[in-house]
Amino acid sequence: MKLSLQALLVGSGLLAASSAHADVILHAFNWNYSEITAKATEIQQAGYKKVLIAPPMKSSGNEWWARYQPQDLRLIDHPRGNKQQLQTLIQTLTSKGIQVYADVVLNHMANESWKRSDLNYPGTEVLGNYQSNWTYSNNQKLFGDLTQNFLSGSDFHAPACISNYLDVWQVQNYRLCGGAGDAGLPDLDNNNWVISQQQAYLQALKNMGIKGFRVDAVKHMSNAHINSVLTPSIISGMHVFGEVITSGGSGNQEYELFLKPYLDNTSHSAYDFPLFASMRNAFSFGGSMDLLVDPGAYGQALAWNKAITFAITHDIPTNDGFRYQIMNSTDETLAHAYILGRNGGTPMIYSDHGETANLDGYRWQDFYKRADIKNMIRFHNSTQGSGMQVLGSGQCFLLFKRDKKGVVGINKCNTPQEYWVDTYANELNWYVNYTDVISGNSFQVNTQWLKVTIPARSARMWLQQ
């Protein structure tokens, strides 16, 4: 039967003009800085316009999580790279039109209770290493006096482990602990000295050419602390976003307690966990793709200009408490087609080197260069700035267009889905090829009624040629 559904206009959040930050971010998770530099041309050719790097600071240990345990903010030196290597990375990527974003850790310092009882950072051992390698260490310096500690016990909250993750006071003033007697990550106070040191750190990174900040553990910082450090002058011209993990949007406890206040009381963007929950629900058994028509209209997606959209983040597979959020690999691919096909948000693609191999095989190793992902990015880049209109949806499928530039169809079910589009009511260009960037399949509009077929468990992203 022919269906004559007038195109549903997606809510104002998705019809708005694309954000200046809407280009795709490659999260080069735990990559060496030198590797990013060496692959700059490949990253550029794949269509990425921004790269998020491992936290630039002093840290030690080869484990990925050690990068999130700062010993010193005054210099850049860790197993993934140093200041010179970061400067080369920034210069190389900038020359290719790619911006560099830094992951920054402002909530806590490294847990070194296993070897010392004081909270003087970086501590006697590290200061001694600076002295014995002074020329090298001084060359990695961002600011400050490396002959002295820059933090002491008075710069931290009293030691206590978070036991109730729905208690805002605990979450923002107690320590993140691993259990079994773990002393936890020393939680920084927002006194004037700490604020001044963190400001100097961010300004130094900005001066190096960093163009964005991902604020780690932002859920565990008060908005007063966040806004004191990230001043209007520091964030001017920067893209700043935090990660507040929730299991839903409006009405969800974590959203109401942590993510909404963060968005309401800062100018920052955030990971769009509400949209991620909407996608998980839509792709789940018994879920409906109707949920993805306009989730923002129901508070189940962030505003288009505040959202970092994703189908996986590094915290989900590497943290036992969040692994339930991992989608089936095919559904995850379809979710990538959705975030890269839709209008709204800044898509982020996660790519590691097998850090989660013991959990999920090597699903995300070198994910950034998968052929289908690169082709989805090409569709995203080609349709930037175009509006989005839904053509049809149902339990199994979602079909939408990007003005006249492209059409996206996503089918989560095990049988093909067919839909008749009224091309008079829903304008597309006639007598030109629309070619799917994933499969190469093409169609032309040459009659009022166009039958669109989306194969089982697949996505189609037809781009005007």
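**Core, barrel and cross-links of the predicted model**

Of the 117 residues in the largest nonpolar core, those that touch the most other members are Tyr-48, Tyr-201 and Phe-213. A nonpolar core is here a set of buried Ala, Val, Leu, Ile, Met, Phe, Trp, Tyr and Cys residues joined through side-chain atoms within 4.5 Å; buried means under 20% relative accessible area, exposed over 50%, and partly exposed in between, with a 1.4 Å probe and protein chains only. Helix H8 supplies the largest share of this core, 7 residues. The structure is a predicted model, in which local features need pLDDT of at least 70 and side-chain atom pairs count only at pLDDT 80 or more, while totals for chains, interfaces and linings use all residues. Residues are numbered from 1 along each chain as its sequence is written, and side-chain values use heavy atoms, with hydrogens and water left out.

Leaving aside neighbours within four places in sequence, Phe-213 is in contact (heavy atoms within 4.5 Å) with Ala-102, Val-104, Leu-202, Leu-205, Leu-230, Ile-234, Met-238, His-239, Val-240 and Phe-241. Another core, of 14 residues, lies apart from the largest one and includes Val-421, Leu-428, Val-445 and Val-452.

The strands S2-S3-S6-S7-S8-S9-S10-S11 form a closed barrel of 8 strands with parallel pairing. From one strand to the next, the twist averages 30°. Helices (H or I, at least four residues) and strands (E, at least two) are DSSP runs, numbered from the N terminus, and two strands pair if DSSP finds at least two bridges between them. Arg-214 has Phe-241 in S8 as its bridge partner. Helix H8 (residues 192-208) lies across S7 and strand S6 (99-105), and runs at about 165° to S6. For such angles, axes are lines fitted to C-alpha atoms, for helices over the stretch in contact, and values run from 0 to 180 degrees between N-to-C directions.

Side chains of opposite charge can pair when their charged atoms come close. With a salt bridge taken as a side-chain nitrogen of Lys or Arg within 4 Å of a carboxyl oxygen of Asp or Glu, the structure holds 17 salt bridges. One of them joins Glu-243 and Arg-214, at 2.6 Å from N to O. Through salt bridges that share partners, Asp-103, Arg-214, Asp-216, Glu-243 and Asp-315 are joined into one network.

A further salt bridge is formed by Lys-58 and Asp-77, whose closest N and O atoms are 3.8 Å apart. It links distant parts of the chain, with Lys-58 in the loop between strand S3 (50-53) and strand S4 (77-78) and Asp-77 in strand S4, 19 residues apart. Lys-58 and Asp-77 are both buried. In the salt bridge between Glu-35 and Lys-39, the closest N and O atoms are 2.8 Å apart. Glu-35 counts as buried because its relative accessibility is 18%.

A disulfide is a covalent bond between the sulfur atoms of two cysteines. When a disulfide is assigned to a pair of cysteine sulfur atoms within 2.5 Å, the count comes to 2. With bonded cysteines counted along the chain, the disulfides follow the pattern 1-2, 3-4.

Cys-161 is joined to Cys-177 with an S to S distance of 2.0 Å. The torsion about this S-S bond is about -85°, so the disulfide is left-handed. Cys-161 lies in the loop between helix H6 (134-139) and helix H7 (168-173), and Cys-177 in the loop between H7 and H8, so the bond ties together parts that are 16 residues apart in sequence. Cys-161 counts as partly exposed at 34% relative accessibility, as does Cys-177 at 23%.

In the disulfide between Cys-396 and Cys-413, the S to S distance is 2.1 Å. The torsion about the S-S bond of Cys-396 and Cys-413 is about -80°, so this disulfide is left-handed. The pair links distant parts of the chain, Cys-396 in the loop between S12 and strand S13 (397-402) and Cys-413 in the loop between strand S14 (406-411) and strand S15 (417-422), 17 residues apart. Cys-396 is buried, with a relative accessible area of 16%, and Cys-413 counts as buried at 16% relative accessibility.

Gly-392 is found in strand S12 (residues 389-393) and counts as buried, at 0% relative accessibility. Between Gly-392 and Tyr-255 the separation is 137 residues in sequence and 30 Å in space, C-alpha to C-alpha.
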